[in-house]
Amino acid sequence: MTERIVVVGFGPVAARLIDELLPAVRSGIAHLTVIGDEPEAAYNRVLVADLGVGRTTPAALALADAAALVADGVDVRLGVRVRRVDRARQQVLLSDGTSPGYERLVFATGSRPVIPNLTGLNPDPAAPVLPPGVTALRDLRDASVLHSAVAGGKRVVVLGGGVLGLETALAAAEEGATVTVVHNGPHPLGRNIDRGGGSVLAASLRNCGVRVAGNARSVGVEHNAPDGGFSALLLDDGSAIDGDLLVLSCGVRPRTELAEGCGLSTAAGILVDHKLRAHHEPHIFAIGDCAEVRCPDPECVQCRTARGPSGLVGPGWRQAEWLADYLTLLASGASAEAEALPSLAAELPGVIVLKARGMNMAVAGDVSADPWDEEALTAGAVNGRARLQIAQWADPEHGRYVKMTTRAGVLEGLVSVGMPRTSAELVQLFERGAELPADRSLLLRLDGPDQAAAAGSADPGRTVCRCAGVSGTAIAAAASDGCGTVPEVSAATRAGTGCGGCHDDIKGIIEAHFQGAVA
Amino acid sequence: MTTGADTHCPYCALQCAMTLTSPAALTPAVQPGSDPVSEQSAADTPVALPLLTVAGRDFPTNRGGLCRKGWTSASLLNHTGRVTEPLLKGADGVHRPVSWDEALGRIVSAVKQARAEHGADAVGVFGGGGLTNEKAYQLGKFARLALGTSRIDYNGRFCMSSAAAAGMRAFGLDRGLPFPLADLDAASTILMLGSNVAETMPPFVQHLQGARDAGGLIVVDPRRSATAAFTSDGGGLHLQPLPGTDLALLLGISHAVIHEGLADAGYIADRTTGYEAAVRSVASFWPERVQSITGVPAGLIRETARRLADGAGKGGSYILTGRGVEQHVDGTDTATAAINLALLLGLPGSARSGYGTLTGQGNGQGGREHGQKADQLPGYRKITDPAARAHMAKVWGVPEALIPGPGLPAVELLKSLGQPDGVRCLFVHGANVAVSAPDANAVIAGLRSLDFLVVCDFFLSETAAEADLVLPVTQWAEEEGTLTNLEGRVLRRRRALTPPPGVRSELWIMTRLAEMLDAPSAFSEDPETVFEELRLASSGGLADYSGIDYAMLDRGEAAYWPYPAGSEGTPRLFLEAFAHAGGRAVFTAVTPRRRSVSSSSADRAGVGQSGTPMTLITGRLMEHYQSGAQTRRVAALAEAQPEARLQLHPAAAAAQGIADGDYVSISNERGVVSCRAELSTDIRPETVFLPFHFPELESANRLTESATDPISGMPEFKTSKVWIRLAVPGGAMCGDAVSVGAAGNRSGVPARVLQAEETS
């Protein structure tokens, strides 16, 4: 029998799930229906800010090809909303009037932008309608609003100092817009980054031409533009930040209302167990931004420390891959094997790597503790568990800052600002759970100019011609024997007879010899 | 008599032109009719004077340059260790000389017995990428017609098959460099991935100078290799990714090309198919994400994309891949990702830009075109293609049904040695699998389980040492023939010296054996006669040599295949059209394969080990070639690089208390290697490097895995997990990682010491 699988949502995580389920669809063991409320097939939301500043094209963002999926036998419904899930009948009721049935239903509904509570905005959480000149940054339509502002050289106010806000601000500034980032708290990235990193980050943003308004509490929006649109963001101290476009970047919230509507348990997201199943509902699953892995077992150690949805796409993709394996086994009738599939490993804390051209920053894990913060460092060191250790480098003058928070040599948190090689190394060490070199300063020197310098050119005994294995001493000896040109040295020693890259060095040694003779 | 010849170097695929002369003052020690150098008399004069002098010869590829290997190559002609008579292994395990009649008689009865008892596929042939075109062609014919076996493959499967498979699916044709090497001279940007030409083929480096001067040499290597060092001082960029992440890196560069609007839209529309799927396949590999996977900063990824695009509009941009990115279980996909990047930028098939893969072995190009591969017939024809089979049956004058079907690729072939349905009797030509094949301990065990092993070599290599019968064959300076260099140019190898009297050419051996086995069709010991047949055989195939003959090569004409009769050859491929029907190049969407959630091989690999595993990569030293069977016997080279050294980062070494020059053991579940450590900041801290030229306890391939790429059958050589320990010379290892599954390595004594004791 063909198993009917219905996927609600068609974002990047759903796209990965569908890709991985295609073999089961092609072989006929599964019938797949995917329902997306946007008119486009899945595209890469991570790059919406890039699109908004005109750096890329909608075509380049595509993650799925609806026509190709249809050709493979997938039932693709675009621009269609799910009105309701009927769990009793195992049906989804759609806005196009149809109601496909399912054996397995997967929520991949993602999240929606948080609309802050400001006077002048009318936030209906289910269907926010924003006034002209105000936009979030979540989909292709938001991107085109931003694009017209940036292309017109307008003033852009970004509300929110999170990573998406900063990326948008940097990209828009680089493309010629006048940009102000407004955030509360002493520095951008709030609790993701420590004070040192945050301060260097804010300074670096300013160096990149972004105005940064910190410790700002916004209270309202002014609409005095000629078209009645946005004209200024009002702060609680009575001041106002003028602009032509307000970009709301205040975080996202899982889209759970459909799940709630059919009686599933939700917290921040739709609650699922370690097999990504909704609590007490073996036919329904949730993955990606809308899902919160927290099993019903109150004794579960892993879930005691579980965090809500990360808002990052990587964990969602891993869930999609795992669920595809699981659903494929179920569809093929191998339910014992499906149940035997090892659960997905717990996710590491998310890594934030700032996508920007002019500056470099990476943050991951818990970086709140400072090197002398004895209480924080020893807090988790019980039952033989090692204490936290902090290594730190701060050079605000040159916009550089690094913090490595380790336990038993393995990173539990990191901050790196202004040091690209260091940041790349630290992030992959963090992700692999690999032990750092005991000499942490090694990781700070990767960006140094000394790393690329040729070594030992002053040593007369060094190998000058690597191809023929001839030392400087041997070439100098040939020169003293009367060789006055490179070809003569080559004939005598074979130096310079391979790649020829050492001819200048040979010439130098000959000249040094004869100068020495004159002097 | 003064002899001499214009020929090419015996070693790598650059095939540097050289002139061999016999100085008047020097009489060749070995002349027809005289006694060969015997072991006793040679022992009195351990360093015999070379019979020939070597001089570099001006040629577009090497421009008169040679590396140390080339300069010293003549010293092997009269080397005291040379095998000059057939050697039969006695019951006591000692090799003793026998006559050629007896040797050939033994082979014929072994073949007949294996065939009678186990069927024709119980006889196998393992060829080499160093064999001339004539030998490679006739070896394939010998296997299929004289032995009647499908079981033939060759060591090129370890080198070229992933790039070959990628080239075939993208362009419809695989020629290493589809353009003359000298085209690189004018390039503004050259991206080299996983290739260390400064060590492996030094004269090649001349062709990088233009790009270095333009600041556009970009080298991707986990080590700051000699080639990567050329990028310092403004020569370009060095990208130092984690081993095994090249595919993600290439997708990241392609992502940057697409998203920064650097792609060549006109070219993509006019000359390619599959673009949209390729775009989707890279959409989720934005540079910052790729940075997290590879350790290469996003800024460098973008900069690479820009320089490639910029170079294409100036002097030209080239993308070149080597074994470092190809010798992986996803090698074909990685080479495909490199080609996709090149296609996005409009490089392949343009007059001054392109994609190429650097062939390694001397005839690695020709050797893969003429029927040594398990799945191919001469002319790069598919053995499963009825038209190709009909063509070959006609050329060979045999019924088509007599030509066996596809055999097993090299790693599978070696795994089948001595197995119930596997190969029981094996011929090895121009390969030293006991050192060069992955999981070498298992390969040696396979060789020992054979009923009969015949090895053709000029030295008692580690593989020959395992043989029941060793057949002495001619060296390069003693034979005529052709090779096809890394550019697809066919070159003449010429004889400068008469071989020692006990030595035969492999063409002669195959011809005699074919006669004795009553083989159909014709076999010849004359290279030109064989080449004339190769011309007919290749005619109409992808690698068409039908318009090439010895006379034109002797006139110095530059013959690049495909060279159909009546044409002028093809120095630059794809200028008008690609080789697929319709003439378009094909993007194939590739993505890193995820590890199955149910596999936990990483945990298995750690059984019995403690501490942090390191990633082992392998490669070459400038002084040695391949398994070192030849170069370890050249005094000057052995002196310069007498032993394997493990390159590791001082930070990694410090954690184990290892100092520069200490003996270390490198182990995993497949074996143990023992050698000195060489500390260097040129390598990534979690990565270690071993050269693969050394045998026994220093044999890097004792640690490599025989997992293969599903498309090409090429093994994973570059990401073995290993554990490093300080070894106490002459005693037990420190730590707890002693001899896990290691055959015959219990002492921890370095190989060099053992060998010295054995030979003294």
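1. Let's start inside chain B: strand 6 and strand 7 of chain B pair in the parallel sense, over three bridges. Strands here are DSSP runs of E with at least two residues, helices are runs of H or I with at least four, and both are numbered from the N terminus. Two strands pair if DSSP finds at least two bridges between them. In strand 7 of chain B, B:Asp153 is the bridge partner of B:Phe126.

2. A word on what you are looking at. This is a predicted model, in which local features need pLDDT of at least 70, side-chain atom pairs count only at pLDDT 80 or more, and totals for chains, interfaces and linings use all residues. Residues are numbered from 1 along each chain as its sequence is written, while chains are lettered from A and ligands numbered from 1 in the order in which they are written.

3. Back to strand 6 of chain B, which also pairs with strand 16 (residues 425-429) of chain B, in the parallel sense and over four bridges. There B:Val125 stands opposite B:Phe427. Five of the five residues of strand 6 (residues 123-127) are buried, so this strand is largely enclosed by the rest of the structure. Buried means that 20 or more other C-beta atoms lie within 10 Å of a residue's own; exposed means 12 or fewer, partly exposed is in between, and the C-beta atoms are placed from the backbone. In a regular strand the side chains alternate between the two faces of the sheet. In strand 6 of chain B, B:Val123, B:Val125 and B:Gly127 point one way and B:Gly124 and B:Phe126 the other, and all are buried.

4. Seven strands of chain B form an open sheet with mixed pairing, in the order 5-4-18-17-16-6-7. At the edges are strand 5 (95-97) and strand 7 (152-154) of chain B, each pairing on one side only. Strand 17 (residues 452-457) and strand 18 (residues 469-472) of chain B pair in the parallel sense over four bridges, with B:Val454 having B:Leu469 as its bridge partner.

5. For chain B overall, the secondary structure comes to 26 helices and 28 strands. Of its 760 residues, 64% count as buried.

6. Next, where the chains meet: the contact takes 43 residues from chain B and 50 residues from chain A. Residues are in contact if their C-beta atoms, placed from the backbone, lie within 7 Å. On the side of chain B that touches chain A, helix 11 of chain B gives the largest share, four residues.

7. Over in chain A, the axes of helix 1 (residues 12-26) and helix 10 (residues 313-331) come within 8 Å and cross at roughly 25°. These axes are lines fitted to C-alpha atoms over the stretch in contact, with angles running from 0 to 180 degrees between N-to-C directions. Helix 1 and helix 10 of chain A are therefore roughly parallel to each other; angles under 35 degrees count as roughly parallel. The residues of helix 1 of chain A that meet helix 10 of chain A include A:Pro12, A:Leu17 and A:Ala24.

8. Finally, a loop residue: A:Glu347 lies between helix 11 (335-340) and strand 21 (351-353) of chain A. A:Glu347 counts as partly exposed because it has 16 C-beta neighbours inside 10 Å. Not counting residues up to four places away in sequence, A:Glu347 touches A:Ser310 and A:Pro315.

Technical notes
Parallel < 35°, antiparallel > 145°, perpendicular 65-115°, else oblique. Contact = placed C-beta atoms within 7 Å.
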